[in-house]
Each structure stands twice: as C-alpha cells, then as structure tokens.
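Please look at the structure shown below before reading on. The report that follows takes up a few of its helices, strands and loops in turn.

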Amino acid sequence: MRRITASKLYNFIQCEHRVWRDEYGPKEEKIKETNPFVEMLWDKGVRYEKEVIAKMGEYLDLSEIGFDEAAILTIEAMKKKTPLIYQGVLIYKNSMGIPDLLRLTPDGKYMPIDIKSGMGLEGIDEENDDEGKQKKHYAVQLAAYSETLNGLGFENKKEGIILDIRGNEILYDLNLPMGKTNKTTYWEYYEDIKRKTVSLINNEVQNKPALAGICKLCPWYNSCKKWVVENDDPTGLFYVGRSKRDILSEDLQVNNIDDVLKIDIKEVLEQKKRDKTFLKGLAEKTLSKIMDRANVLKNSKKPVIYEKVELPIVSYELFFDIEDDPTREFVYLHGVYERGPEGEKFLDFTAKEISPEAEKEAWANFWQYIKSLPKDDFAVYYYSAHEKTTYKKMQKIYPDIISEKEVEDFFENSNVIDLYKIVLKYTDWPVGSYSIKYLAQYLGFSWRDKTPSGALSIQWFNEYIETKDPQKLERILLYNEDDCKATMVLKDGIKKLSDNFEKKM
Ligand code: SF4
C-alpha cells in the first residue's frame with residue numbers, strides 16, 4: 001500500500017504533476033544530486049529545529065528509530081500520557097505523518113506541532129496592522145497530522161501549532177475559511193488535495209508536466225523539460241503555465257504549440273462573447289500574446305519589438321544586480337558594471353561576513369558611489385523587481401543610510417530602468433523563458449562560470465563565510481559581474497531592435 005505523507009501533499013501544492021512523476025516517472029531521468037538551494041533550505045530547517053529542541057527540556061526522542069517501530073512506541077507513549085514526544089510516527093490507514101512534536105494537552109489529548117524556520121503566517125503587515133493569515137502548505141501538513149491523530153483517538157479537534165522562526169507558537173485553526181472571499185476551509189482544502197494526491201499515487205489519474213519557475217528546483221527538471229520539448233507542449237512558451245495550457249486543451253483541443261498557431265482568433269473571440277464559460281480566465285490580450293509568442297518561437301525565430309523604446313542617452317550607464325541569501329534575509333553583494341567615458345569597469349560592494357554591520361557598510365558604500373555620479377547624467381539598468389523590493393526592505397532596516405523618499409525617488413527616476421518590464425511590454429523572443437540567462441545567451445553572451453546560478457552563488461557565499469577561501473569569493477564576483485554584463489548585452493540588444501524598428505518606419 002502506498003502511504004500518503006505530508007511531504008507528498010506538500011509536493012502536490014508545489015506542482016500537481018510531481019506526485020505522479022515521483023511514483024511512475026522515468027527514474028533514470030531524475031537528477032540524483034540535491035539542488036544546492038533546496039539543500040540549504042533543508043539545512044537551515046534542520047539547524048533551527050535543533051536549536052529549538054535543545055531548549056525544550058525533557059522529551060521522548062524517537063528520531064533515531066525506524067518508522068514502524070517508532071509508530072508502535074508513539075502509540076505506547078501517548079497511552080502513557082508522555083508530556084512531549086519528538087519525531088513520533090503516526091500511521092493510520094494509508095496516512096503517515098511525523099510531526100516534530102506531539103504535546104499532551106490538559107484534556108489528555110495530543111497537539112501536533114511543527115517547527116518552521118520561516119514566519120508562521122503570511123502577509124503580515126505590521127505597519128497596517130494586518131496580522132496575516134495561515135499558510136496553506138503549513139495548514140495542509142498540520143491537517144495531515146491532525147487527521148491521523150483523530151483516527152488513532154488522540155485528538156478530537158482540527159488544529160495544530162506552528163512554532164516559527166521568531167519563536168512564536170501559532171495555533172492553526174483548520175476550520176477557518178482560507179480567505180475573506182474564499183469560504184473553503186483549510187480542512188476542506190486539505191481533503192481535496194489529499195483526494196487528488198491519492199488518485200495520482202494510485203495511478204487512477206495521470207497528469208502532465210508543465211514548465212514553471214518552480215521546476216528549476218525540482219529533481220525532475222531535465223526530464224520534464226525533455227517531455228515538454230518532445231511533445232511541443234504549450235508550457236514551452238513563456239508565461240503559459242499549467243492552468244492556461246489546460247484551458248486551451250479542454251476548450252479548444254489545442255495540445256501543442258503547432259495547434260496554438262492554428263487558432264482562429266476571430267472565431268474564438270466570437271464564441272467567447274456568446275459563451276462566458278468558454279476559455280474562462282483567458283482574456284483576448286492573453287490569447288493574442290500566446291499566439292504572438294508561438295509565432296516568434298516557431299515561425300519568425302527572431303526577436304521582435306512592437307514599439308520604439310526610448311532609452312536615456314547619458315555619460316554613465318550602470319548595469320546593476322544584487323546577490324542575497326533569502327534563507328538568512330541577507331544581502332551580501334551589490335554589483336555594478338559601469339560603462340562610462342573612461343571605459344568599462346566592474347565595481348562590487350560586498351559584505352564579507354554575516355553581520356548587520358557588514359551588510360550595512362556594503363549598502364552605504366553602494367549609495368555613496370551612486371551619489372558620486374554626475375546628477376542626471378547616468379542611467380541604471382536592472383532586471384526584475386527584486387532589487388527594488390529588497391532595497392525598500394533594507395531601507396527599513398538601515399534608515400540612517402538613506403531615507404525612504406530617496407529610495408523611492410531613485411526607482412521612480414526615468415533613468416533607472418527595469419529592463420524586464422520593457423521586455424514584457426514591448427518585445428518577444430524565440431526562447432521559452434524570458435529570464436536574463438536565456439535572453440543574454442540568445443544574444444550570444446556566455447557566463448564564464450560553467451554552471452551559473454543564483455542558488456549556487458548563495459552556496460559559494462556560505463562556503464566563503466565558513467572557509468574564507470578567496471577563490472570562493474572570486475567565483476561569486478565573477479558570476480555577479482557576468483550577470484551585470486548580461487544586463488548590458490540585453491540593453492544593447494533592445495536598443496538595436498528599437499533602432500531597426502525606427503528605420504523600418
Ligand atoms: S520539473 Fe516541474 S513539472 Fe516536472 S515535476 Fe518538477 S515541478 Fe513538476
């Protein structure tokens with residue numbers, strides 16, 4: 001019998017196909033090495049769990065015992081009303097769960113507790129008094145423990161506790177609705193996820209891969225990508241994910257990119273007007289965009305610009321990219337590739353140790369450099385909203401470095417440009433992803449590192465902190481410099497497209 005575990009439910013929430021592929025996918029295509037970023041998150045979780053447990057006082061430790069034996073010992077311990085059990089194993093029917101802690105409650109029942117190295121709630125906004133809401137993947141995990149405990153007769157409620165990174169104990173009431181307008185309760189959501197997961201695990205239903213951002217962290221990435229290419233699946237088009245692909249398939253029997261090209265848009269829009277349920281969620285603009293992208297990928301095979309783009313003409317152009325470790329919420333590098341009258345050079349503002357002082361100093365040096373440039377005679381290019389979001393957060397942490405208004409004015413300045421917005425609004429490219437890596441490589445740029453990735457940069461930084469090996473730091477700087485240069489290559493590529501567009505007019 002295949003058991004349903006909390007991690008399988010979690011995988012389903014991340015990607016509906018993952019559960020099926022784990023059971024029935026071509027095992028030889030699965031990547032053996034764990035993704036360094038996933039490993040880092042895992043290590044961080046384990047570290048934090050150890051810290052919390054060390055302060056717990058007395059508890060029954062079942063963490064080193066095999067599942068089946070631990071399951072028997074867990075039942076015995078709960079019957080004896082052991083106050084606290086660490087890594088007890090709960091098995092009931094086809095479900096198995098290992099809550100970090102099981103705590104005896106005054107009514108003689110047990111409360112499942114999970115230790116998390118993240119915030120216990122999402123959407124907390126202290127400034128606006130928003131207390132946040134329960135995270136659905138935490139809720140599903142607690143629901144799985146709670147259901148097993150209820151089945152075994154050791155709990156009679158539908159709740160659990162998340163012990164979060166701030167040491168807060170957050171009671172998850174699983175009978176609560178999931179949102180202000182979404183009346184589905186967390187428990188109903190859990191039951192739905194579980195039912196679907198069971199059907200996939202038992203191969204009663206099958207589903208298909210769908211390429212998305214999350215895939216890069218998944219051990220099936222190469223395998224699913226291969227499947228998408230071989231099947232000419234529409235998720236091979238930028239911005240077409242599972243839900244859009246499935247709508248196209250169900251309502252239009254469009255099952256590959258070639259089919260997308262055959263869509264009669266006029267006829268489809270007429271039908272959409274007559275029938276509101278037809279292609280629900282796919283507006284005319286989205287549909288046209290999908291068709292444009294299919295056309296660029298399959299037919300013209302060349303990038304296209306739809307309008308002339310005005311880019312500033314200035315003495316100094318800065319191509320800017322930061323490196324940060326989200327597991328520590330720490331920004332360790334602000335990199336700038338400068339192109340100016342004196343030529344080109346790379347500047348780095350790096351924190352060489354993990355401390356608020358080091359982070360603050362690197363950031364202060366970055367702003368000092370920006371302020372040293374001739375006013376209104378420089379432009380800054382970056383790619384995606386990450387830099388802006390991160391800087392707004394940093395400003396709150398280090399308000400004495402720069403004011404909130406100055407940070408806002410900086411990003412509002414028309415010479416400070418998020419190229420991703422330009423790419424999205426004005427261009428299309430014959431590639432399946434519009435990440436800077438894909439676009440710059442398409443334009444002929446190559447990274448000096450053989451395996452460039454933001455996740456690896458974080459890993460190298462953590463290794464550098466431990467070993468102080470200068471080669472590790474060198475590798476981080478080289479990688480960041482190339483990211484900055486890639487932004488320059490893209491800017492030049494867009495400018496060329498725009499100039500050619502103007503000539504044709
Ligand atoms: S690679 Fe993507 S589609 Fe495939 S199982 Fe993983 S997350 Fe799902």
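Which elements do the buried residues of α17 pack against? In this predicted model, the buried residues of α17 pack against α3 (36-54), β13 (316-325), β14 (330-340) and α18 (470-504). The residues concerned are Ser457, Ile458, Trp460, Phe461, Asn462 and Tyr464. Helix α17 covers residues 454-467, and at 1.5 Å a residue its 14 residues should span 20 Å, which agrees with the 20 Å that separates its end C-alpha atoms. Just after α17 comes lysine 468, which takes a positive phi of about 55 degrees.

**The strands beside α17**

One of the partners of α17 is β14, a strand that is mostly covered, since eight of its eleven residues are buried. Strands of a sheet pair through backbone hydrogen bonds, either parallel or antiparallel.

| Strand pair | Sense | Bridges |
|---|---|---|
| β13 and β14 | antiparallel | nine bridges |
| β14 and β15 (residues 343-350) | antiparallel | eight bridges |
| β4 and β5 (residues 95-97) | antiparallel | three bridges |

Between β13 and β14, aspartate 324 has valine 331 of β14 as its bridge partner, and the two strands form a hairpin with four residues between them, where glutamate 329 in the turn has a positive phi of about 50 degrees. A hairpin is also formed by β14 and β15, with two residues between them, and here glycine 335 stands opposite aspartate 348 in β15.

**A sheet of three strands**

The order β1-β5-β4 describes an open sheet of three strands, in which the pairing is mixed. Because β1 (4-5) and β4 (90-92) stand at the edges, each with a single partner strand, one side of each is left without a neighbour in the sheet.

Helix α7 (residues 221-230) has the buried residues Cys224, Trp227 and Val228. Seen down the axis of α7, these residues fall within an arc of 100 degrees, so they line one face of the helix. The face turned away from that buried side carries the exposed residues Val229 and Glu230, and just after α7 aspartate 232 takes a positive phi of about 55 degrees.

Which residues surround the ligand? They are Cys15, His17, Arg18, Arg21, Pro209, Ala210, Ile214, Cys215, Cys218, Trp220, Tyr221 and Cys224. Two or more residues of this shell come from each of α2 (18-24) and α7, and by class the shell has nine nonpolar, one polar and two charged residues.

**Two single residues**

Leucine 217 lies in the loop between α6 (186-201) and α7, and with 15 C-beta neighbours inside 10 Å it counts as partly exposed. Leaving aside neighbours within four places in sequence, leucine 217 is in contact with Asn35, Phe37 and Val38. From C-alpha to C-alpha, leucine 217 and proline 36 are 8.8 Å apart in space, although 181 residues apart in sequence.

Is alanine 440 buried or exposed? Alanine 440, whose place is in helix α16 (residues 436-442), is buried, with 22 other C-beta atoms within 10 Å. Apart from neighbours within four places in sequence, alanine 440 is in contact with Phe445, Ala486, Val489 and Leu490. Alanine 440 and valine 489 are 49 residues apart in sequence, and their C-alpha atoms are 6.3 Å apart in space.

Methods: Residues numbered from 1 in each chain as written. Predicted model: local features only at pLDDT ≥ 70, side-chain atom pairs only at ≥ 80, totals over all residues. Buried ≥ 20, exposed ≤ 12 C-beta atoms within 10 Å, placed from the backbone. Arc of directions from axis to C-beta. Expected span 1.5 Å × (residues − 1). Contact = placed C-beta atoms within 7 Å. Near = placed C-beta within 6 Å. Nonpolar A, V, L, I, M, F, W, Y, C, P; charged D, E, K, R; others polar. Pairing = 2+ DSSP bridges.
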